[in-house]
Amino acid sequence: MTLPLPLDIPEPRHCQSCGRPVPKGPLVKGLGSGCAREHGVTAPSIPRPRADGQNGPTLLDLLARPVIGSPGNVVCRQRTDDEHEAVRTAQQRRGLTGG
Ligand SMILES: [Zn+2]
């Protein structure tokens, strides 16, 4: 089976100012987009805002580093009997316990 070739190939368009072919995009008053901008037919392009390159540490670097002023590696442990007794006494003084 053979498919018919699309024979309605559009005529190549050329910019009226510089004569270069304009294969894509609209012709604005016969001008390509670059010449239209250059001749003030269309608005000038606005430069894209760009951020400076990053120099300092990334957030991942900050996560890997211990926070300044933190006690460092804290290991959780159970209270000793004396600490339990101190907490119980303090709660009784404040009236926090039922007894
Ligand atoms: Zn042109």
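**Reading a zinc site and its surroundings**

Trainee: What is the relative accessible area of Cys-18, and how do I read that number?

Mentor: Cys-18 has 35%, so Cys-18 is partly exposed. Before we go on, this is a predicted model, where local features need pLDDT of at least 70 and side-chain atom pairs count only at pLDDT 80 or more, while totals for chains, interfaces and linings use all residues. Residues are numbered from 1 along each chain as its sequence is written, and side-chain values use heavy atoms, with hydrogens and water left out.

Trainee: Which residues coordinate the zinc ion?

Mentor: Look for donors, meaning N, O and S atoms within 2.8 Å of the metal (3.2 Å for Na, K and Ca); water is not among the atoms, so sites may look incomplete. Here the SG atoms of Cys-15, Cys-18 and Cys-35 coordinate the zinc ion at 2.1 to 2.3 Å. Along the chain, the donors are spaced C-x2-C-x16-C.

Trainee: Are Cys-15 and Cys-35 buried or exposed?

Mentor: Cys-15 counts as buried because its relative accessibility is 5%. Cys-35 is buried too, at 7%.

Trainee: How many disulfides are there?

Mentor: A disulfide is a covalent bond between the sulfur atoms of two cysteines. The test is a pair of cysteine sulfur atoms within 2.5 Å. Searching the whole structure turns up zero.

Trainee: How many helices and strands does the protein chain have?

Mentor: Helices (H or I, at least four residues) and strands (E, at least two) are DSSP runs, numbered from the N terminus. The protein chain has three helices and zero strands, giving α-α-α along the sequence.

Trainee: Which side chains meet in salt bridges?

Mentor: You want a side-chain nitrogen of Lys or Arg within 4 Å of a carboxyl oxygen of Asp or Glu. The structure has two of them. Glu-85 pairs with Arg-88 at 2.9 Å, N to O; both sit in helix α3, three residues apart, about one turn of the helix. Glu-85 is partly exposed at 41%, and Arg-88 is partly exposed at 40%. Glu-83 pairs with Arg-77 at 3.2 Å, N to O. Glu-83 is partly exposed at 29%, whereas Arg-77 is exposed at 60%.

Trainee: What is the phi of Lys-29, and where is that residue found?

Mentor: Most residues other than glycine have a negative phi. Lys-29 has a phi near 55°, a positive value in a residue other than glycine. You'll find Lys-29 in the segment before α1 (33-38). With 71% relative accessibility, Lys-29 counts as exposed.

How values were computed
Buried < 20%, exposed > 50% of the residue type's maximum accessible area, 1.4 Å probe, protein only.
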